Every structure is written in C-alpha cells, then in structure tokens.
Amino acid sequence: MTATLRAFGWLAAFALTVTFAQGAAAEEQQKGKVGAKPVETGVVIRGVTLAGPVGNPGTSTGKTCDFSGEPVDPSGRLEGASVNCRPNGNQANTTPGLPARFNAYCMINAPVKSARLIQAARPENANHCDLSGITPKDATGQFGGAVWR
C-alpha cells in the first residue's frame with residue numbers, strides 16, 4: 001500500500017508540473033499578442049480579390065470587404081483577421097506589402113471600433129496587422145465598400 005501511495009504521489013507531482021509548464025507556455029505565447037501595442041492611428045486596409053474585369057484604380061467596385069470566412073472564437077469574434085496597418089500610416093505607405101492577388105481593397109481610419117488591431121509583421125509584409133475581438137458582421141460594416149487597386 002505504501003508503494004502504491006508513493007507511486008500515486010510521484011504521478012500527481014509529475015502531472016502538476018506538466019500542467020504548470022503548459023500554462024506558462026500558453027501565457028508566454030499570449031504575451032506576444034497581448035503585449036503588442038495596439039495601432040490606434042493611420043489607415044487600416046483590407047485586401048479583396050474580385051472576379052471579372054478590373055476597373056480604374058480608386059473607383060468603387062460595388063462590393064464589400066467581407067470578413068465572414070475568417071476564424072472566430074467561441075463568442076463569434078474575429079481571431080486575427082489579416083489587414084494592413086501602420087501607426088500614422090496613409091494609403092501610400094500602408095498598401096505596400098498587400099499581396100498582389102488582391103485587386104481591390106477597403107480602407108478605414110484607425111482605431112477600428114470594438115476591435116483590437118495590433119502589428120503582426122511578416123517577412124513578406126512589414127505592414128501586416130491582426131484584427132481581433134470584433135464580429136465579422138461589424139468588421140464588414142465598418143470597412144464598407146471596396147475600391148479597385
């Protein structure tokens with residue numbers, strides 16, 4: 001019986017150690033996102049790929065930048081939708097890096113209401129940002145109509 005209790009004690013101690021280690025790792029991973037300074041100035045650009053003939057740059061496409069296909073958390077809010085942004089940025093210095101597959105885009109001014117917008121640069125796009133904490137419907141409504149690139 002003593003051997004059984006001792007084995008159980010070691011197993012419980014090991015399980016607790018693993019649980020604490022996993023919690024610390026998850027917390028460190030979140031710090032990278034949570035600790036990033038939110039972008040609250042400049043423009044926010046969402047790229048979109050539209051079929052059909054491309055219109056003149058800057059003219060309305062008649063379409064919106066839809067966020068309905070983006071991953072959401074259990075409460076139905078976006079979990080890091082891709083956009084381009086930069087603090088104090090404008091259209092000219094924020095569009096670079098937007099992938100070439102996007103032939104149109106929607107642009108609004110930061111901050112995005114009811115959302116978190118953080119810089120999340122990628123090797124191919126220094127202006128990449130993550131948009132989170134807002135419903136896809138609200139994001140689509142705020143970003144409004146797309147214009148041709």
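Helix α3 (residues 136-143) lies across β1, β2, β3, β4 (104-109), β6 (128-132) and β7 (145-148), and runs at about 90° to β4. Contact here means heavy atoms within 4.5 Å; axes are lines fitted to C-alpha atoms, for helices over the stretch in contact, with angles from 0 to 180 degrees between N-to-C directions. Helices (H or I, at least four residues) and strands (E, at least two) are DSSP runs numbered from the N terminus. The model is predicted: local features need pLDDT of at least 70, side-chain atom pairs count only at pLDDT 80 or more, and totals for chains, interfaces and linings use all residues. Residues are numbered from 1 along each chain as its sequence is written, and side-chain values use heavy atoms, leaving out hydrogens and water.

The seven strands form an open sheet in the order β2-β7-β4-β1-β3-β6-β5, with antiparallel pairing (strands pair if DSSP finds at least two bridges between them). Since β2 (60-64) and β5 (116-119) stand at the edges with a single partner strand each, one side of each is left without a neighbour in the sheet. Within the sheet, β1 (residues 43-48) and β3 (residues 79-85) pair over two bridges, and I45 stands opposite N84 in β3.

Two disulfides are present, each a pair of cysteine sulfur atoms within 2.5 Å. In the C65 and C106 disulfide the sulfur atoms are 2.2 Å apart, and the torsion about the S-S bond is about 100°, so this disulfide is right-handed. Both C65 and C106 are buried (under 20% relative accessible area, with exposed over 50% and partly exposed in between; 1.4 Å probe, protein chains only). C85 is joined to C129 with an S to S distance of 1.9 Å; here the torsion is about -90°, so the disulfide is left-handed.
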